[in-house]
Amino acid sequence: MTHSLHRRGTRESLSEDYVMLCLPAVGVNDEGHAPKLKKFLEIAVRYDPVNIGAIKLGNMYSHSKEEVIAAAQAVTHAVFVKPEQVASVLQDLKEADLGMSVVVSGIFENVDKCVEKAGLKHHTANFSLGIWGNTKRLPSDDILEVATMCGHAMISANLIKSAVDEIKAGRKTPDEAARMLAPQCACGIFNPARAAKLMAAMAAK
Amino acid sequence: MKIDPEVCIACEACLPYCPVNAISMQGDVAVIDQDECVDCQVCLKSGVCPVDCIYFEPAPWPRSLRTTFSDPRTEHKETKIAGRGTEEMKTNDVTGRFQRGWVGMGCEFGRPGIGTRFRDVSKVAQVLAKHGVEFESKNPVTFLMEDKKTGKLRDDVLNEKVLSGIIECLYPIEKFEEIMNALKEVAKEVDTVFSVEVINRADPDGSYPLRKLLDKMGIPYYINGKQNVGLGRPVANV
C-alpha cells in the first residue's frame with residue numbers, strides 16, 4: 001500500500017509536500033486503535049494541514065474535518081506544506097505516546113531534520129526507484145506530478161487535463177481546480193495547495 | 001461498472017473521471033468498455049453523473065478481483081487490509097518485518113494510471129522467484145500464486161485487469177545487484193509500467209546501507225521517500 005511514496009516533482013515543488021500516516025499493525029496493536037488515530041488527526045489539525053483523510057470515509061474536501069476525525073480507523077493521513085508543521089506534529093505525537101506507527105513522506109533530508117528536531121530517530125526507509133517497464137504509455141511529466149499525489153491512481157490524467165482547461169478558460173481559479181480533484185483521493189494524501197501551483201503553471205504554458 | 005443506456009443523457013461529464021480511459025461515447029450514450037474497466041468505482045463514487053445512470057454489480061470470480069485490487073476502500077478478505085498491498089515498512093517498528101541485512105522490495109504494476117493485467121505481474125514474479133526471493137505471505141498478489149516457489153499466478157486470473165497490483169518480497173542485501181539486473185531485463189518484456197520501491201532498516205548510526213549500495217551501483221532514486229519514525233509500540237526486536 002505504498003500510496004505516498006512515488007510522488008514526482010522538482011526539489012522546489014516537493015519541498016512543499018509532506019504526508020504523514022498513522023496506523024496500527026494488524027494483529028499486533030490494533031485493538032482499540034480508533035481513538036488513537038482520532039488523536040493523531042486532532043493533533044494534525046492544530047497545525048493547519050492542507051488535507052486530512054480517513055480511508056473508510058474520505059478526506060476534508062469530501063467531508064468536514066470533524067467527520068473525517070470521527071471516522072478514523074485503519075489508517076489516517078495528514079498533508080502539510082512546511083517542514084515546521086511536520087516537526088511540530090511529531091513533537092506533539094512523541095508527547096502523546098499513542099503507540100501507533102507513524103510514517104512521514106517527503107524529501108529525505110528535510111524529513112530527517114523534522115525527526116531530529118522532535119527528538120526522534122528514523123527507523124526504516126522506503127526508497128522509490130521510479131517507473132519501469134513500458135514507460136511510453138505514461139502521460140506527460142507535468143500530469144504525473146499531479147497524478148502521483150493520489151498514489152492509488154484515483155485521479156485520472158484526463159481529469160487533470162480537464163481541470164487545467166477550466167483554469168485556461170477562466171472558469172476556475174487554480175485553487176478551485178485543485179478542489180475539483182481532491183475529493184477523488186479517498187485517503188486524503190492529495191496536496192491541493194501544490195496541485196494548484198502545478199496546474200497554474202500548466203495553464204500558463 | 002455499467003451505464004444504463006436508457007437513462008444516460010450523453011452529457012459526457014463522466015468521461016474524464018475514468019482512471020483507465022474506459023468510458024467513451026457511442027452514439028447518444030456513454031459506454032464502458034467491460035474488458036478495459038477495472039471496476040474501481042471512481043466514476044460512480046465521484047457523483048458526477050447528473051442522472052445517476054452509472055451502477056456497479058458485484059462480479060463473480062475472477063472478475064471480482066478487479067474491485068479488490070482497484071478500489072482502495074475495499075478490504076481484502078485474506079489480509080484484512082484495504083488497498084493493494086500490506087503495511088510493509090509502515091509498521092516495521094512494531095512488526096519487525098524488515099530486519100537489518102535484508103531488503104524489502106515492491107513492484108507496483110499498473111501504476112501510475114495505466115492499469116495492468118495479472119499476466120504481466122506473473123511474468124515478473126516468476127523471474128524474481130528464480131532468484132530466490134521470499135514473497136510476502138500477506139500480500140494479495142501472493143494469494144494468487146499457484147506456487148510461491150515459482151511465482152506463477154493462477155491461469156484463471158491472468159487476463160484480469162486491475163488498476164494496480166503489487167509484488168512484495170524480501171531478500172538478503174547481498175542479492176540486491178543480482179535482482180536489480182534481473183528486474184531490468186524482465187522490465188523490457190512487460191506491456192504496462194511498474195513502480196519499484198526498496199525498503200531498508202536503518203543501522204544504529206542512522207545510515208541506510210541500501211542507500212550506499214544504490215549510490216555505488218549508480219541506480220537513481222527519488223529525493224523523496226517514506227520513513228517510519230519509530231513511534232509504534234510494542235517495539236519490535238529489529
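Predicted model: local features only at pLDDT ≥ 70, side-chain atom pairs only at ≥ 80, totals over all residues.
Residues are numbered from 1 along each chain as its sequence is written, and chains are lettered from A, with ligands numbered from 1, in the order in which they are written.

Let me start with chain B. It has seven helices and eleven strands, where helices (H or I, at least four residues) and strands (E, at least two) are DSSP runs numbered from the N terminus. Its C-alpha atoms fill a box of roughly 65 × 40 × 35 Å along the principal axes. Of its 238 residues, 47% count as buried; a residue is buried if 20 or more other C-beta atoms, placed from the backbone, lie within 10 Å of its own, exposed if 12 or fewer, and partly exposed in between. If we take the contacts in chain B with a separation of 6 or more, 73% of them come from residues 24 or more positions apart, a contact being two residues whose C-beta atoms, placed from the backbone, lie within 7 Å.

Some backbone details in chain B deserve a look. The peptide bond between Arg111(B) and Pro112(B) is cis, with omega about 5°, and Pro112(B) is found in the loop between strands S5 (102-109) and S6 (116-117). Another cis bond runs from Arg233(B) to Pro234(B), with omega near 0°, and Pro234(B) lies in the segment after strand S11 (224-228). Glu12(B), although not a glycine, has a positive phi of about 70°; this residue is exposed, with 12 other C-beta atoms within 10 Å.

Turning to chain A, what is the phi of Ala153(A)? It is near 60°, a positive value in a residue other than glycine, and Ala153(A), in the loop between H6 and H7, counts as buried because it has 28 C-beta neighbours inside 10 Å.

Helix H7 (residues 157-168) of chain A has twelve residues, which at 1.5 Å a residue should span 16 Å, and its end C-alpha atoms are 17 Å apart, which agrees; the expected span is 1.5 Å times one less than the number of residues. Its buried residues include Ala157(A), Ile160(A), Val164(A) and Ile167(A). What covers the buried residues of H7(A) includes helices H6 (141-147), H8 (174-181) and H9 (192-204) of chain A. After H7(A) comes Gly170(A), with a positive phi near 80°.

Helices H4 (residues 83-96) and H5 (residues 108-117) of chain A pack at about 35°, with their axes 8 Å apart; axes are lines fitted to C-alpha atoms, for helices over the stretch in contact, and angles run from 0 to 180 degrees between N-to-C directions. Among the residues making this contact are Val86(A) and Leu90(A) of H4(A), and Cys114(A) and Val115(A) of H5(A).

Finally, how many residues does each chain give to the contact between A and B? Chain A gives 65 residues and chain B gives 68. On the side of chain A that touches chain B, strand S6(A) gives the most, with ten residues.
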